[in-house]
Amino acid sequence: MAEFANIIIDISHEKLDKTFQYRVPKRLQTELDVGMQVEIPFGNGERKTTGYVVELTDTPEYDVEKIKEIYDLVEGSIPIESQLIALAGWMRKNYGGTMNHALKTVLPVKQKTKEKKQRLIQLKLSRNKAEEQLALLEKKNHKARARLLSALLEQNPIPYEAVRGKLNITASVIRAMEELGILGVEEKRTYRSPFGDLKREESRLILNDGQQQIVEQIWQEWEQQQYHTYLIHGVTGSGKTAVYIDLIERVVKSGRQAIVLIPEIALTYQTVVRFYQRFGERVSILNSKMSPGERYDQFERAKSGELDVMIGPRSALFTPFSNLGVIIIDEEHETSYKSETIPRYHARETAVERAKMAGASVVLGSATPSIDSYFKAQQGEYTLLNLEKRIEEKPLPSGEIVDLREELRQGNRSILSERLKELMADRLEKHQQIMLFINRRGMAGFVSCRACGHVLKCPHCDVALSQHNNGKMVCHYCGYEEAVPQICPECGSKYISGFKAGTQKVEEIVKRKFPEARVLRMDFDTTRNKAGYENILSAFANQEADILIGTQMIVKGHDFPNVTLVGVLAADLSLYVSDFHGAERTFQLLTQASGRAGRGKLPGEVIIQTYSPEHYCIELARQQDYVKFYETEIAGRELMNYPPCGHMMVMLVASGDEMTAALSAELLGKKVRKAQDDGKISGLSVLGPADASVAKVKDIYKKVIYFKHADYQELVRIKDVLEQFVNGHREFAKVIIQFDFNPMNGF
Ligand code: ADP
Ligand code: ZN
Ligand code: ZN
């Protein structure tokens, strides 16, 4: 029940922050909400205009006397913009940031850039006439004109660029022929088809019983307008994509639309082709290579009813379909679904909210569901559906764990264990391919013992401590620190150190050991651009190399039928990131990595090298026992109140001045703790302040404070109070604060 409403008049305008404030009449106060379309007086003549409510507030922005009153609500059908603005309102509330940040995320802004138009040269004569003309031109020896005309007789129309370029015809020749009425130059607005000139062959799979059952269940509920969120747990190759396609087809036949979210890195040609073959030009894709203008075009097509299906990464969620029926999120566990810029939204949660507003179902799918989603399924919030078997019942590759501590005892200090070297030699001899994988995530600065595998952890937070240059180890949640020990506190060995291994180093070692092998390396250095990435993958797919060495990037979604050996060089690297998701990420990575082996006719093998062979995550990943992993992991989260068993919010306190950052964080931490002591907040735990995992970026000093509470909305409330406090006090003028809810990568 707010007194004032901030209203946006022109949503296609570049300045989405251009809002106007109006008074809410008493009779509308209970009804009015963010996203609603209203009639308002506008400009000097008080012309009646429509606008959208983007914010409700009790704080007038200027002289109260001068604030005009809203006339009325706009009756009738609700435009898609209303829904998206309401969604932006929900995002702002639940993830922080300003309404303008949120609006910019959900509404693509019209670009000033020129519309993409294609110029085409079109033959204006009948075939007979054109052939007569051609004979005439040849007789007169007008070579250029004849060349163009004969080309037009073969292909009509021809793009202007091709005529100028490939045919080497000057603009004056084209103009002259145009004046003679032989041809015309036409401009056509083009939406570049994301499919190029792909041939469409309708193909249809007969679903097996397991797939059929899943489609039927979702469909029956959908038809009865019972819209739910479903989680399909099925190993890679169990036929999830086939299920999505079948379901979408039914939804589309009922006149509604579908959004399919796929992590960009998994947005492979093969996947896109499968959708294209079923839906043809009524499906489109978004990707990060597109310019804002191109993205805008695709959204316009969706709004105008030209499309039924949109496929893309996170941001495709905001496709303005007016009658959305289903949202699919494939590989729902992927961290790329969480935005790392404001608003720091999670696409899964936001999808559930959008679906609620639109009256649509959500289908999540993964071989290794996020602990969050599986927890929600256990709680009955999502409906769990299992796809047990691989299509054609191809066996999963067999896994073997190699204990690196044992290797050290045997005197092998190399990153390649004896067992792995033996198998590599065997595969090279058989001309089969090998993938070596280092699960390196950012800066894994943990300290461990190579003799006994002991990892130094925070005594309060149960996450690995990170090594800093000053010889100390620090906890990034609570700020606890201690000196790096000289000898292992567990076994007394001196082999205690930070963990270092890079793809480049591994490449050197492999080349030295197997000089005859052809080796490719894929990491952030060799794939600065997307082409680099695709070139390496296609070279490996064409068997131009025997061994592919790489980071996370190589394990996602690619099919290399000749790969029969996958080596995970140090599973510990992702296990001991200073974040409670370590085991979850490692389980996912190991499962994906082993999914790379044995895709073709030959069976595959996976070698997992680790200093922690007894860690439940490693052993259960080898056994491919997701459910057991989930049960073990959730018990640990429960104990520590980590999400999903509770909620977490991190506040970033940043400043260009080190002292200011530290003092402000200290002060804010104290303020919250005092509110706790005064009994104003209960059930909250406060950790920190601590240095952010990267404490200084571009001369900005970063501190973090973590908050844990069972109730998400309570954290939202604390965020609002802190935000107001900081905005209202001068001493914070040089301080930036930001929030992240249930962080995945943190600050
Ligand atoms: P996922 O998405 O779970 O990895 P896909 O849907 O991609 O699984 O299926 C894996 C492979 O099996 C694909 O090549 C697909 O064409 C094929 N496939 C899926 N369902 C069937 C089916 N019912 N009959 C035959 N082949 C199928
Ligand atoms: Zn030790
Ligand atoms: Zn700690």
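**Reading a ligand site and its strands**

Q: Which residues surround ligand 1, and which are the closest?
A: A residue counts as near a molecule or strand if one of its heavy atoms lies within 4 Å of it. Here 15 residues surround ligand 1, and the closest are Ile206, Gln211, Gly237, Thr241 and Arg274. This is a predicted model, where local features need pLDDT of at least 70, side-chain atom pairs count only at pLDDT 80 or more, and totals for chains, interfaces and linings use all residues. Residues are numbered from 1 along each chain as its sequence is written, ligands from 1 in the order in which they are written, and side-chain values use heavy atoms, without hydrogens and water.

Q: Which classes of residue make up the shell around ligand 1?
A: Ala, Val, Leu, Ile, Met, Phe, Trp, Tyr, Cys and Pro count as nonpolar, Asp, Glu, Lys and Arg as charged, and the others, Gly among them, as polar. The shell around ligand 1 has six nonpolar, seven polar and two charged residues.

Q: Which helix gives the most to that shell?
A: Helices are DSSP runs of H or I with at least four residues; strands are runs of E with at least two; both are numbered from the N terminus. Helix H8 (residues 240-253) gives the most, with three residues.

Q: What does an oxygen atom of ligand 1 approach in the side chain of Thr241?
A: A polar contact is a pair of N or O atoms within 3.5 Å. An oxygen atom of ligand 1 is 2.6 Å from an N or O atom in the Thr241 side chain. Taken alone, ligand 1 exposes 550 Å², and the protein buries 69% of that. Such areas come from the Shrake-Rupley method with a 1.4 Å probe. Backbone atoms take part too: a polar one of Gly239 is 2.9 Å from a ligand oxygen.

Q: In which sense do S3 and S4 pair?
A: Two strands pair if DSSP finds at least two bridges between them. Strand S3 (residues 37-42) and S4 are antiparallel, over six bridges. Pro41 has Lys48 in S4 as its bridge partner.

Q: Is strand S13 mostly covered or exposed?
A: Buried means under 20% relative accessible area, exposed over 50%, partly exposed in between (1.4 Å probe, protein chains only). In S13 (residues 324-330), seven of its seven residues are buried.

Q: How many bridges join S13 to strand S14?
A: Five bridges join S13 to S14 (residues 361-366), and the two run parallel. The chain crosses from S13 through helix H11 (residues 347-358) to S14 in a right-handed β-α-β crossover. Right-handed means that, with the strands pointing away from the viewer, the path from the first strand over the helix to the second runs clockwise.

Definitions and conventions. Polar contact = N/O pair within 3.5 Å; in protein donor to acceptor, adjacent residues only side chain to side chain.
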